[in-house]
Amino acid sequence: MGGLASAEELVYGPVRSRRLGLSLGINILPPNGKTCNFDCPYCQYGWTRVSSGEARSWPAPESIVSALSERLREAKLSRTRVDRLTLAGRGEPTLHPQFPDIVRGLRAVRDRESPDTRLAILSNSSTAEKPAIRAALLELDERYMKLDAGDPMTLRYVNDSPISCTRIVEALRTLPDLVIQTMFVSDPEGRMDNCGDIAVGPWVRAVAKIAPRKVHLITLDQTPASSFIRPVSDVRLLEIANRVRQSGVPARAFLSNS
Ligand code: SF4
């Protein structure tokens, strides 16, 4: 689901971000191209439909775990304090066929090498209804889950999701202690944005139903797949954040220029 600027290595960084502090990124996806079941026009890795035809191989859980172990030992030696270990990378991490095994292995390494560091994920929420994935998500300390729309048409425009809005919201509603992460984008021609009142109303209602611990509202800060879309203005992002707060859910807007 992206979110942290990622390299091709299994473990990359540390990367400093406003939302996650100093984070080591863990990319458990195949090394070439992007692996995702969404096709967001704002994706920093380009269109999924362009990259999905290439043959890929999934990294083995043992390689991921040993790469993390090595990086945590290096961090300890250099006295670098890492706030988070974040499953992110070029696509959706939960698509790895051995995702539950990987989470177990990463947790064991974290507990051994750096017990105070939080283990987190950036996910597009598309697999959150699957029992094995849900169980693995609950093994993590922090879950940053995408919800960019609260109605089917906007979901199709902004994510091209294979899963319906109703199923995503229901899966998130029954997962505890989430941060919802929403990317707001504008399209001057009105083709594919989620920042107008028609899209924001159902989205706020969906967020209130999920009742997350917090909502992070973000906008474009990388080159998007589509040349049509633009960042949302700071004023509009703050207005939307206020609407979320009025519904009783804590919200923070990450402005494009802060
Ligand atoms: S969820 Fe969207 S933004 Fe994230 S990697 Fe997939 S296509 Fe890109």
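Asp-160 lies in the loop between helix 5 (152–158) and helix 6 (165–173), where helices (H or I, at least four residues) and strands (E, at least two) are DSSP runs numbered from the N terminus. The structure is a predicted model, in which local features need pLDDT of at least 70 and side-chain atom pairs count only at pLDDT 80 or more, whereas totals for chains, interfaces and linings use all residues. Residues are numbered from 1 along each chain as its sequence is written.

The backbone at Asp-160 has a phi near 50 degrees, a positive value in a residue other than glycine. Asp-160 is partly exposed, because 17 other C-beta atoms lie within 10 Å; a residue is buried if 20 or more other C-beta atoms lie within 10 Å of its own, exposed if 12 or fewer, and partly exposed in between, with C-beta atoms placed from the backbone. A positive phi, of about 75 degrees, also occurs at Ser-125, which is not a glycine. Ser-125 is placed in the loop between strand 4 and helix 4, and Ser-125 counts as buried because it has 30 C-beta neighbours inside 10 Å. A further backbone feature is the cis peptide bond from Gly-13 to Pro-14, with omega near 10 degrees. Pro-14 belongs to strand 1 (residues 11–17). Most residues other than glycine have a negative phi, and most peptide bonds are trans.

The chain is divided into domain 1 (1–146) and domain 2 (147–258), with bounds that come from an automatic or database domain assignment. The C-alpha centres of the two domains lie 22 Å apart. Their contact takes 23 residues from domain 1 and 29 residues from domain 2, two residues being in contact if their C-beta atoms, placed from the backbone, lie within 7 Å. On the side of domain 1 that touches domain 2, helix 4 (131–139) and strand 5 (142–146) are the elements that give two or more residues. Strand 5 provides the largest share of that side, five residues. By residue class, the side of domain 1 that touches domain 2 comprises ten nonpolar, five polar and eight charged residues; Ala, Val, Leu, Ile, Met, Phe, Trp, Tyr, Cys and Pro count as nonpolar, Asp, Glu, Lys and Arg as charged, and the others, Gly among them, as polar.

Strand 5 is also joined to strand 6 (residues 178–186). The two strands pair in the parallel sense over four bridges, pairing being assigned if DSSP finds at least two bridges between two strands. Within this pair, Tyr-144 has Val-179 of strand 6 as its bridge partner. Strand 6 is largely enclosed by the rest of the structure, since seven of its nine residues are buried. Six bridges, in the parallel sense, connect strand 6 with strand 7 (residues 214–219), and Ile-218 in strand 7 is the bridge partner of Met-183. Together with helix 7 (residues 197–210), strand 6 and strand 7 make a right-handed β-α-β unit; a crossover is right-handed if, with the strands pointing away from the viewer, the path from the first strand over the helix to the second runs clockwise. The pairing of strand 6 with strand 8 (residues 230–231) is antiparallel and has two bridges, with Val-185 partnered by Pro-231 in strand 8.

Strand 2 (residues 21–26) runs parallel to strand 3 and is joined to it by four bridges, Leu-85 being the bridge partner of Leu-24. Strand 3 is likewise joined to strand 4 (residues 118–123) by four bridges in a parallel arrangement, and Thr-86 has Ala-120 in strand 4 as its bridge partner. The chain crosses from strand 3 to strand 4 through helix 3 (residues 99–113) in a right-handed β-α-β crossover.

Neighbours within four places in sequence aside, Leu-68 is in contact with Val-11, Ile-26, Leu-85, Leu-106 and Val-109.
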